[in-house]
Amino acid sequence: MSRILITGVTGQDGSYLAELLVAADHEVHGTSLSADEHSVDGVELHQLDLSQPGIGGLIRSLAPDVVYNLAAISSVYGSWQKHELTARINGLAVSEMLAALQGVLGARFVQASSAEIFGAPVEVPQTERTPIKPTSPYGAAKAYAHSLVNVYRTAGVWASSCILYNHESPRRPETFVTRKITASAVRISLGLQGTLELGNLDARRDWGWAPDYVDALYRVAQSNTPGDYVIATGIDHSVQDFVAEAFARVGISDWRAYVTVSDEFIRSGDAPRQVGDASYAREKLGWAPTVGFEEIVANMVDHDLELLRA
Ligand code: GDP
């Protein structure tokens, strides 16, 4: 049994990872700003605001075998408004965590890095060697954290980064386009909502299934040597593809009759296309995605239907 600390344990990824680790009989601790998201039985919760110093002290007192850093301001768009908070939580807090782990024998650190570090990527698909050129405060803070992981790894800390592409599940909030689409399609099909307002329908993303990405984080923590890994499906779809698939699932073929484009949701600096090459993770970790695009959409739509019927 290992002692594990997961920051952001009540979020989408944190809750899936906690379920996996509790089931594997580990002692699981987690930080959260509030416990009202997805709490998992068997996790010891530590209420902590990562925008303030404190995580280093918690790491020193708990002495975990593994720290998974999943806490973040998660909205790329929102990071333009919450730029300082994003810098503190997605960037500065990581420096406090890594400094607390320096010199601690046997301790491991796994960072949830992001495809947003590549900004509007200069090559397709992206790999661990693609130039880092963020185009949002979110991407810049994640890029800083990503660099720090490399700095501390060079200085002897066992620290790895997973460059995670978009990964979805019914635990996504509606601030993300996938859940916004599935929840709206279901409400529209039941006559509870008139139309769906979206931003750029042509943006292309490499959408994967969140539990698969959490499995990758777990494999990284157990691997022999620390490193950076792109975690992606290698297949991209447009926002419009996602809309069409979700509406088809609820029996609506003419989705265009219900969807409008609003300036409110168009982002400046939005990457037109993100798609990752996870060959290195496949080779080193034996990791591969198990759930494809159609199944992700179906799972999310069916969950939203069940929620409303209940
Ligand atoms: P992100 O990639 O982590 O920011 O995940 P999102 O789900 O928020 O956005 C994915 C893509 O969907 C981006 O290219 C957005 O510009 C695009 N998009 C289009 N319309 C919307 C919308 O109404 N809401 C959100 N969140 N994204 C939208």
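Asp270 is partly exposed, because its relative accessibility is 23% and the buried class stops under 20%. Bear in mind that this is a predicted model.

Asp270 takes part in two salt bridges described here. One joins the side chains of Arg205 and Asp270, with N and O 3.0 Å apart. That pair links distant parts of the chain: Arg205 belongs to strand β9 (residues 204-205), while Asp270 sits in the loop between β13 (259-261) and α8 (279-285), 65 residues away. Arg205 has a relative accessible area of 7%, so it counts as buried. The other salt bridge runs from Arg267 to Asp270, where the closest N and O atoms are 3.9 Å apart. Arg267 is partly exposed because its relative accessibility is 34%.

Side chains of opposite charge can pair when their charged atoms come close. The structure holds 13 salt bridges. Another of them connects Arg172 to Glu168, with the closest N and O atoms 3.0 Å apart. Both Arg172 and Glu168 are buried.

Now turn to the ligand. Which residues come nearest? Of the 15 residues around the ligand, they are Val177, Lys180, Gly199, Arg267 and Asp270. The shell is made up of seven nonpolar, four polar and four charged residues. A backbone N or O atom of Thr175 lies 2.8 Å from a nitrogen atom of the ligand. For Gly199, a backbone N or O atom is likewise 2.8 Å from a ligand nitrogen. Taken alone, the ligand exposes 530 Å², and the protein buries 94% of that.

Next comes helix α1, residues 12-23. Buried residues in α1 are Gln12, Asp13, Gly14, Ser15, Tyr16, Leu17, Ala18 and Leu21. An α-helix has 3.6 residues a turn, so residues three or four places apart point the same way.

Gln12 lies in α1. Its relative accessibility is 8%, so Gln12 counts as buried. A polar atom of the Gln12 side chain lies 3.0 Å from the backbone oxygen of His167.

Beyond the helix, look at the backbone angles. α1 is followed by Asp25, with a positive phi near 70°. Asp25 has this positive phi although it is not a glycine. Its place is the loop between α1 and β2 (27-32). Asp25 is exposed, because its relative accessible area is 57%.

Ala63 also has a positive phi, about 50°, and is not a glycine. Ala63 occupies the loop between α2 (55-62) and β4 (66-69). Its relative accessible area is 46%, so Ala63 counts as partly exposed.

The peptide bond from Val124 to Pro125 is cis, with omega near -10°. Pro125 is found in the loop between β5 (108-114) and α4 (137-154).

Note on methods
Residues numbered from 1 in each chain as written. Predicted model: local features only at pLDDT ≥ 70, side-chain atom pairs only at ≥ 80, totals over all residues. Heavy atoms only, no water. Near = heavy atom within 4 Å. Polar contact = N/O pair within 3.5 Å; in protein donor to acceptor, adjacent residues only side chain to side chain. Areas by Shrake-Rupley, 256 points an atom, 1.4 Å probe, with all protein chains shown as cover. Nonpolar A, V, L, I, M, F, W, Y, C, P; charged D, E, K, R; others polar. Buried < 20%, exposed > 50% of the residue type's maximum accessible area, 1.4 Å probe, protein only. Helix = DSSP H or I, 4+ residues; strand = E, 2+ residues; numbered from the N terminus. Salt bridge = Lys/Arg side-chain N within 4 Å of Asp/Glu carboxyl O.
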